[in-house]
Amino acid sequence: MPVMPAPDPTGLPAPVVILKFLSVFTLTLHLLAMNLLVGGVTMMALAGRKRQTDPLADRVFRRLARALPVTMSMTITLGVAPLLFVQVIYGQAFYTASVLIAWPWLAIVPLVMLGYYGLYICQFRPSWLGNRETIVAWLSMLAILAVGFVFTNTWTLMLAPSIWKYLYDAGISGLKLNMADGTLLPRYLHFIVGAFSVGGLAVMLLGRTLKSADEQVSDALQTAGRRWFLAAGGVQLIIGFWFLFALPDRVRNAFIGGNMLDSGVLAAGIVLAIVAMAVVRRMPGLAALLTGISVFLMVGTRHRVRQISLFPDLQVNNLQVNPQWALLVVFVAVLLVGLATVAWMVAAFVRAKPKMAG
Amino acid sequence: MNYPIWEVPMLGGGMLIGIIAILHVFVSHFAIGGGLYLVLTEIQARKTNDPDMLDFARKHSTFFILVVLVFGAVSGVGIWWTIALVNPTAVSTLIHVFVWVWAIEWVFFLVELIAAIIYYYGWERMDPATHIKVGWIYVVSAWLSLFMINGILTFMLTPGRWIETQSVADGFFNPTMIPSAILRTAVCVALAGLYALITGTLIRNDEARARIVRWSAKWVMGGIAVLPLAGFWYVAQLPPMAREISMGGAPVVTLFAAGSILFSALVVGGAFIGPYLFPKHVHVTYAFGLAIMGLMATGVTEWVREAVRKPYIIYDYMYSNTLRVKDLGEYSMSGLLTNAKWERPTEADTKSQVRVGRRVFRAQCMACHTVNGFNGMRFAVKGWGREFLDHQILYLNELKGFMPPFIGTDEERAALVEYLLTLNDTEQESDVAAAPAEQKGGL
């Protein structure tokens, strides 16, 4: 029997279905921002290689450099909420896994900082930097990709209670990674290649908004972005199946007919992604919408993989619930006011643009 | 005990949290005060039609976002990361009790961040009135974010009526919540001035530099002026034992409490003598010196705040070693290791009292103590004999008010004594880290 920590005696602060929805929904937002970041920083680093000889590549590099610090900021901020909810629902597994690989997990903090400052350096181009922007861009990209790798390690270890005690008994210094897990590599690649694809779509859309400002850069971003979206999207389909078949039988079966709802959600996610690729040239807005929905369905699938993997050691549907309804209402109210405030600020910012141009 | 433990060599988990937390506090309070500083400086500059001041505010905002958005935000996540690694049981309780408070704080944080970004990129683009409005949105949401976190943080030291009622409102609006919010707000204002002195002293134009340096010095002095009164209120609300620890009960803590006052006085004195009286002649190194004094003041104050909470991590509810007060009786009867999922003795362990003792040490002591480093037991038990050690552990909480009681059976206590005795003997290999190899050999 695996060791599973006892649940917190306080109980869940809301019915688990609400917490699950919030977890999946906020994680979707985080992952969309992460996709923009990972796809964007990779395209920027690659454009940087040709910067010296190709002036257009240099302009593409600079345009992406302007967009990425904000993307990073949003990725971090939108990541806080799902991390909060996962601790509420799956704390027993989450804390255990993170403690077992404590140092790599903690390394995320300096890696994020390094990657983030690198992006600002690429944007601000301080004079001491000279010609070394490309190196900094690559360092940022590597730091960000490493963060993803550690995350994948923790989330896969979380799903494997049977090896926790073995890892613990082998040493408490927290220096390990969960490298032997067969799902680790396909899972990591699934997230990263997916990010290349969605990031490509975002770069394409960014290109469309620049039509009047800089036609050449606009065209370059649109072409490159669409190619990334399609090529990485195609590879993603293959990796997705690899990931699916790397899952333990018991888990995989649910998604290939064992459970109709799980199988349906996954199939819908795949179909929407393929349709998005088919319509991207003619209807990019629709492609973006379908991609967003597809990501949401995939995050839902990811959640079910977790739930099935942890059964029967951790059954979150059976956790004690002590709902805090009044505070939940306050949260929703604050969220609505907050989103309205953000909408007002963004609108004010966008509206201010023509004034400058004039 | 419910969760596996993580051994942080030399520093220990507590010290690791401390280092990250102090740096974060020093930056995050600037994040709030600095926003207010930017908005008021912009308003002042526009009202007096002062292009130098406006230019300074714009440049200062670059410095601001580089410090706040990156280091401030990421180190805040870093604290969460670290406390969850060092003390997952306590974090789990805080998360379960206050999840909606945290979620509300997240909304404020999100608004704060987007406001900061739009304010920064909006300098050239937006009209002044709208730009200033965005600045105010930043200030309000940033302060509300502090207000929410402050409620959770103060709860840990003074949970108040929550202990009986388990009501989130009682826990959030606890006895030290308001004085602490005032203290922290004042610190935000003072830190805004301290950081602005760094960029302000770099202005080339003499007249402009003098104006901005003096304006910033007023922020430092004004912020610190509020501290004594709010500080008295705060201390008055502390549990009696916490007050006692800070005022003579534990000499080191008292020394640090005195350090807090001393460093704050140095900052305010330094701000008056230099930047306020002779604003034209203040060099950036002087401003850095003041900022370092400010960091020291922040560091020792936060350290004292953590220290006076001993022996609890959540006062009257959970001890520093994550054992809940209510479990005390049961664990003393049934035994600590029976309840310590990760430290149940193996068959090989049961043959050796020392190895059982090491398990007890891991489960009960390692949340705060290392073997050889900070709060190291090898140093603490130096020269102690068996009987003396046993007596110390038996009456741990009575002999040392800042320590929790020993929890476990007589056999477990005897085993712990045997293990600790090995730390006195340099010939025996007793490092906790050496346990696994030994264990494998035994199996």
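What follows is a working chat about salt bridges, the chain interface and aromatic pairs in a predicted model.

Me: What ground rules apply to the numbers and names?
Reply: This is a predicted model, where local features need pLDDT of at least 70 and side-chain atom pairs count only at pLDDT 80 or more, while totals for chains, interfaces and linings use all residues. Residues are numbered from 1 along each chain as its sequence is written, chains are lettered from A and ligands numbered from 1 in the order in which they are written, and side-chain values use heavy atoms, with hydrogens and water left out.

Me: How many salt bridges over all chains?
Reply: The structure holds 30. The term stands for a side-chain nitrogen of Lys or Arg within 4 Å of a carboxyl oxygen of Asp or Glu.

Me: Which residue does Glu133(A) pair with?
Reply: Arg51(A), with 2.9 Å between the closest N and O atoms. Helices are DSSP runs (H or I, at least four residues), numbered from the N terminus.

Me: What does Arg59(A) pair with?
Reply: Asp214(A), in a salt bridge of 3.0 Å, N to O. Arg59(A) is in helix H2 of chain A and Asp214(A) in the loop between helix H6 (184-209) and helix H7 (215-246), so this pair links distant parts of the chain, 155 residues apart. Arg59(A) is partly exposed at 31%, and Asp214(A) is partly exposed at 24%.

Me: And in chain B, what does Asp206(B) pair with?
Reply: Arg209(B), with the closest N and O atoms 3.1 Å apart. Both are in helix H8 (residues 206-236) of chain B, and being three residues apart they are separated by about one helical turn. Asp206(B) is partly exposed at 42%, whereas Arg209(B) is buried at 12%.

Me: Which residues are joined into one network?
Reply: Arg51(A), Asp58(A), Arg62(A), Arg125(A) and Glu133(A), through salt bridges that share partners.

Me: Switching to the interface. How much area do chain B and chain A bury?
Reply: About 6900 Å² between them, 77% of it on carbon and sulfur atoms. Buried area is the accessible area (1.4 Å probe) that two parts lose on being put together, summed over both. In chain B, Trp81(B), Trp100(B) and Arg125(B) lose the most area to chain A, together 14% of what that side buries.

Me: How many residues does the contact take?
Reply: 72 from chain B and 77 from chain A, where contact means heavy atoms within 4.5 Å.

Me: How many salt bridges between chain B and chain A?
Reply: The count is one. Asp8(A) and Arg324(B) meet in a salt bridge at 3.5 Å, N to O.

Me: Which helix of chain B gives the most to the side that touches chain A?
Reply: H3(B), with 26 residues.

Me: How do the residues on that side of chain B divide?
Reply: Into 50 nonpolar, twelve polar and ten charged. Ala, Val, Leu, Ile, Met, Phe, Trp, Tyr, Cys and Pro count as nonpolar, Asp, Glu, Lys and Arg as charged, and the others, Gly among them, as polar.

Me: Now aromatics. How many pairs over all chains?
Reply: There are 43. Rings of Phe, Tyr and Trp (its six-membered ring) pair if their centres lie within 6.5 Å; planes under 30 degrees apart count as stacked, over 60 as edge-to-face and the rest as tilted.

Me: Why is the pair of Phe30(B) and Tyr195(B) stacked?
Reply: Because the planes are at 5°, with ring centres 3.7 Å apart. Phe30(B) is in helix H1 (residues 12-47) of chain B and Tyr195(B) in helix H7 (residues 177-200), 165 residues apart. Phe30(B) is buried at 0%, and Tyr195(B) is buried at 8%.

Me: What is His60(B) in contact with, leaving aside neighbours within four places in sequence?
Reply: Phe30(B), Tyr37(B), Leu38(B), Tyr195(B), Ala196(B) and Thr199(B). His60(B) lies in helix H2 of chain B and is buried at 1% relative accessibility.

Terms used
Helices (H or I, at least four residues) and strands (E, at least two) are DSSP runs, numbered from the N terminus. Buried means under 20% relative accessible area, exposed over 50%, partly exposed in between (1.4 Å probe, protein chains only).
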